[in-house]
Amino acid sequence: MRYISTRGQAPVLTFEEAMLSGLARDGGLYVPETIPHMSAAHIRALHGLSYEDTAFRVMRPFVGDGFTDEVFADLIAKAYAGFGHNARAPLVQLAPGHFLLELFHGPTLAFKDFAMQLIGQLFQEALERRGERVTIVGATSGDTGSAAIEAFKGLDNVDVFILFPHGRVSEVQRRQMTTPTEANVHALALDGDFDDCQARLKDMFNDFAFRDGVRLAGVNSINWARVLAQVVYYFSSAVSLGAPDRTVSFTVPTGNFGDIFAGYIAKRMGLPIDRLVVATNQNDILHRCLSSGDYRTSQVHPSISPSMDIQVSSNFERALFDAYSRDGAAVAQLMGELKAGGFSVSQGAMQALREHFDSGRVSEEETLDTILLAQTTMGELLCPHSAVGVRVAEKQRKADTPMITLATAHPAKFPDAVEKASGLRPPLPKRMADLYERPERVTRVANDLAALESLITERLPK
C-alpha cells in the first residue's frame, strides 16, 4: 500500500512513513493510492467479532508490510484494553430507526481515543524498531490534545507539545492536558483560536529546517493513521444493524472533517452507507460550502460545542482531492486561494461531494434544547457536540434507513453546558474524579511561529 499527497508534489510513502511524517512536504495530506474493497461476504463475516478483531480486518489492507499480522493484532489489543466498555463503541437506540454510537468510553472520554491510543502503540513500535526519536506537535480544539497526551505520555521515543486556544476549551478538556506529570508532554495555551493553532502547526511542518532538526511528527487528523482508525467503528456499528444486507446512514458532528471522512472511506471500501450527514454548530463553514459551493472563512464564534469552533477544516482537502478526480494541482490551487480567504468549488466537484454528503447547522439555543429533549424523551444525556449531531439527524433521517449519530464525547467533559440545558451536572467517572484537584502545568504562548519553535527546541532533551 502506497500513500500520495493531495497536492501531488511530495514523495510517495509507505504506511509507516506516512504515519511518522504526518503532513506531506508539499503541504498536502497523505491518502492511500488506492482504496481496498471489502466484499459483502467479508463484511458479513464481521458479525459477532470483537471490536479488536473487526479493527484488524478493516485496517490490515492499509498497513502493508510495516507491521506483521501478529504485531499489528497485539498493538490493537493494547490500544483498546483501557476502554471502559467491553463493546468499545456500543450502540444505543434513541428512537425508532435512530441510534447513538457511544464513542466516549476511552481514557479521555472522547472519540479521539480510538485513533490516538492506537497511534501511540504504532509510533512506539515503529520508533523502537528504527532506533529513532520524534517530536510530536499537535493542535487541538479540545479533545485531540488530551487524547494525544494520554496516548504518548511517558513513552521513551516521543516528546509531545500540544497547542490549544487559550480560554476556548472546557475546563475538563484543559485539565486533561495540563495535569499529566510526565516530563515528555507539554501543554501550550496559545493566544488565538483553533485555526491559529492549526496554522502555526502547518507552518512548522513547512519550515523544513525546523521540521528536520527536531524530527517533527504530527498526530492531528492530518495524520492518515488517525483517519484509518476511525473507519473501524463505521463498520462495527453498521454490521450491528445488519450490514451489508441493510443500508445505514451516519450523522457526524464535525469541525475538521476527519471523523466524517473516515465514514467516506468506509463507504468507498464497500460498506453500504446511504448518506453521510455533516452536522455543524454556528461555525458552519462546512454546511455553507456543501449548500452553496462557496468555502469562505469568517470569524470563529466561541460556542458551547468548542471542539467544532473551526473555520479551516483540514480534512476537507482529502474530500476535495477525490471530488477533483485526484488532481493535486487543482487542490493546491484551492488551498492557495484559501489563504486569501476562500474559494469556490467547481460544479463537477460539488456534484461529486453531494453524491455522498449532506449537511445541517444547529444554533446554540437548539443545542441546549436538544440536550434537554434527549434527556427527557430518550433517556440519554448528551454532550453539546453529540446534541448537534442528534438535532441534525432527527431533521434528516429517513424512515426506511437506520440513522446512526456519532456521540463524540462524554457529557462530563462539558458539564456547564449540560447543566444549563438539563439541570443535571454529569459527574466524571471514578478513575478521574480528582481531576479538579490535580495541579496544572501549562505555558501560555503568543501566536508567533519563531517563539513557538524556539520554545519547543529549548525543551527537547539534549
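**Pockets, cavities and ring pairs**

Let me start with the second largest pocket: α1 gives the largest share of its lining, 3 residues. This is a predicted model, where local features need pLDDT of at least 70, side-chain atom pairs need 80 or more, and totals for chains, interfaces and linings use all residues. Numbering runs from 1 along each chain as its sequence is written, and side-chain values use heavy atoms, without hydrogens or water.

Terms, quickly. On a 1 Å grid over the protein atoms alone, a cavity is a set of points where a 1.4 Å probe fits but cannot get out; a pocket is an open set with protein on both sides within 12 Å along at least five of seven lines; lining residues have an atom within 4 Å of a point. Points join across faces, edges and corners, and a volume is the space filled by probe spheres set on them. Helices (H or I, at least four residues) and strands (E, at least two) are DSSP runs, numbered from the N terminus.

Back to that second largest pocket. Its volume is about 320 Å³. The lining has 17 residues, with Leu-20, Ser-21, Arg-25, Arg-211 and Leu-216 nearest the centre. Two or more lining residues come from each of α1, α9 (208–214) and β8 (216–217). By class, 9 are nonpolar, 1 is polar and 7 are charged. Here nonpolar means Ala, Val, Leu, Ile, Met, Phe, Trp, Tyr, Cys and Pro; charged means Asp, Glu, Lys and Arg; polar means the others, Gly among them.

Now the largest pocket. It has a volume of about 460 Å³. Some 20 residues line this pocket, and Ala-199, Lys-202, Val-312, Leu-338 and Lys-339 lie nearest its centre. Which elements supply at least two lining residues each? They are α8 (194–206) and α14. The largest share, 7 residues, is from α8. Where does the largest pocket lie? Domain 1 (89–107 + 224–422) and domain 2 (133–214 + 428–461) both give residues to its lining, so the pocket lies between them. Those bounds come from an automatic or database domain assignment.

The search over the whole structure finds 4 cavities of 30 Å³ or more. The largest cavity has a volume of about 260 Å³. Its lining counts 24 residues; Phe-111, Lys-112, Gly-255, Asn-256 and Ser-307 are nearest the centre. At least two lining residues come from each of α6 (143–152), α10 (224–240) and α11 (258–269). The classes are 7 nonpolar, 13 polar and 4 charged. The largest cavity also lies between domains 1 and 2, because both give residues to its lining.

The second largest cavity has a volume of about 70 Å³. Its lining residues include Lys-202, Val-312 and Leu-338, and those three are also among the residues nearest the centre of the largest pocket. Helices α13 (316–323) and α14 (328–339) each supply at least two lining residues. The largest share, 3 residues, is from α13. This lining divides into 7 nonpolar, 2 polar and 2 charged.

Arg-326 has a positive phi of about 60 degrees, and it is not a glycine. Arg-326 sits in the loop between α13 and α14. Phe-257 also has a positive phi, about 75 degrees, without being a glycine. Its place is the loop between β9 and α11. Buried or exposed? Phe-257 is buried, at 0% relative accessible area, whereas Arg-326 is partly exposed at 28%. Buried means under 20%, exposed over 50%, partly exposed in between (1.4 Å probe, protein chains only).

One cis bond, too. The peptide bond from Ala-243 to Pro-244 is cis, with omega near 10 degrees. Pro-244 is in the loop between α10 and β9 (248–253).

Now the rings. Phe, Tyr and Trp rings (six-membered for Trp) pair when centres lie within 6.5 Å; planes under 30 degrees apart are stacked, over 60 edge-to-face, the rest tilted. The count is 19 aromatic pairs. Tyr-3 and Phe-15 make a tilted pair, 6.1 Å centre to centre, with 55 degrees between the planes. That pair links distant parts of the chain: Tyr-3 is in strand β1 (residues 3–5) and Phe-15 in helix α1 (residues 15–21), 12 residues apart. Both Tyr-3 and Phe-15 are buried. Phe-56 and Phe-72 are tilted as well, at 5.9 Å and 45 degrees. Phe-56 lies in helix α3 (residues 51–63) and Phe-72 in helix α4 (residues 69–80), so the pair ties together parts 16 residues apart in sequence. Phe-56 and Phe-72 are both buried. Ring pairs also join Tyr-51, Tyr-80, Phe-83, Phe-114, Tyr-233, Tyr-234 and Phe-250 into a cluster.
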